[in-house]
Amino acid sequence: MTKPNFLFPFTLGLSDGIITTLMLISNSIIHESYIGPNLALRVAFGSAFVGGFSYFIADYTRLRSEISRTSKQLVLRSPSYLIRSKIGHDILIESVVGTALSVGSGFLGSMVPLSFSIILPTYGLISITVAIGALSIMGLGIAKSVGGSYIFWLMTMIALGVIVTYIGYNLKLV
């Protein structure tokens, strides 16, 4: 097993929290409807837990399939030997820790637009701008971590924020 990379669940949770929240509440924010602390916490928890559980399912499935593939390469009769071993235990722990990180960062990401909407309810576009700004900063971080183009990742994350806000505004979910 390779060393766990917890940058992935952190960035996934943070971006998922921001994006999901923009999808859900952009209509309310743009129309400057009051989003109180109760609704903000419910949206943030809901967004974080849905994203976190999706992360766990995807990550644990990926790691288990690696064990199955490895057992076939080692010509073992069944992957159950590796699953019951320390490796199997390690992948479960890695997935649980990654999930906790994804949930926590998802909650924080969700609170980016929500907290500004609570503090400045009559300036809805500030919440949207801050959320898209946070996504753009994430884009720069992603570009640095993967050795990619700063302009590409910056523009991609800004475009993603704008598109999700536009769709959320038109869907009028909350």
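Q: Which residues have the most contacts inside the largest nonpolar core?
A: Leu22, Ile25, Ile35, Leu114 and Leu135. That core has 20 residues. A nonpolar core here is a set of buried Ala, Val, Leu, Ile, Met, Phe, Trp, Tyr and Cys residues joined through side-chain atoms within 4.5 Å. Buried means under 20% relative accessible area, exposed is over 50%, and partly exposed is in between (1.4 Å probe, protein chains only).

Q: Which helices each supply at least two residues of this core?
A: Helix 1 (7–30), helix 2 (37–73), helix 4 (86–119), helix 5 (124–146) and helix 6 (150–171). Helices are DSSP runs of H or I with at least four residues, strands are runs of E with at least two, and both are numbered from the N terminus.

Q: What kind of model is this, and how are residues numbered?
A: It is a predicted model, where local features need pLDDT of at least 70 and side-chain atom pairs count only at pLDDT 80 or more, while totals for chains, interfaces and linings use all residues. Residues are numbered from 1 along each chain as its sequence is written, and side-chain values use heavy atoms, with hydrogens and water left out.

Q: What does the C-alpha trace span?
A: About 65 × 35 × 25 Å along its principal axes.

Q: And what share of the residues is buried?
A: Buried residues make up 36% of the 174. The protein exposes about 9800 Å², and carbon and sulfur atoms supply 72% of that. Areas come from the Shrake-Rupley method with a 1.4 Å probe, and for residues only the protein chains shown count as cover.

Q: What about contacts between residues 24 or more positions apart?
A: They account for 75% of the contacts with a separation of 6 or more.

Q: New topic. Is Asn27 buried or exposed?
A: Asn27 is buried, at 12% relative accessible area. Its place is in helix 1.

Q: What does Asn27 touch?
A: Gly168, Tyr169, Lys172 and Val174, not counting residues up to four places away in sequence.

Q: How many aromatic pairs does the count give?
A: 6 aromatic pairs. Rings of Phe, Tyr and Trp (its six-membered ring) pair if their centres lie within 6.5 Å; planes under 30 degrees apart are stacked, over 60 edge-to-face, the rest tilted. In one of the pairs, the rings of Phe45 and Phe107 have centres 4.9 Å apart and planes at 40 degrees, so the pair is tilted.

Q: Where do Phe45 and Phe107 lie?
A: Phe45 is in helix 2 and Phe107 in helix 4, so the pair ties together parts 62 residues apart in sequence. Phe45 is partly exposed at 42%, and Phe107 is partly exposed at 22%.

Q: And how are the rings of Phe49 and Phe53 set?
A: Their centres are 6.3 Å apart and their planes at 35 degrees, so that pair is tilted. Both lie in helix 2, 4 residues apart, about one turn. Phe49 is partly exposed at 38%; Phe53 is exposed at 53%. Phe45, Phe49, Phe53 and Phe107 form one aromatic cluster.

Q: How many salt bridges are there?
A: 3 salt bridges. The rule is a side-chain nitrogen of Lys or Arg within 4 Å of a carboxyl oxygen of Asp or Glu. Lys86 and Asp90 make one at 2.9 Å, N to O. They are 4 residues apart in helix 4, about one helical turn. Lys86 is exposed at 61%, whereas Asp90 is partly exposed at 31%.

Q: Which residues do shared partners join into one network?
A: Asp59, Arg62 and Glu66. Asp59 meets Arg62 at 2.7 Å, N to O, and Glu66 meets Arg62 at 3.1 Å, N to O.

Q: Is Asp59 buried or exposed?
A: Asp59 is buried, at 5%. Arg62 is partly exposed at 39%, and Glu66 is partly exposed at 28%.

Terms used. Contact = heavy atoms within 4.5 Å.
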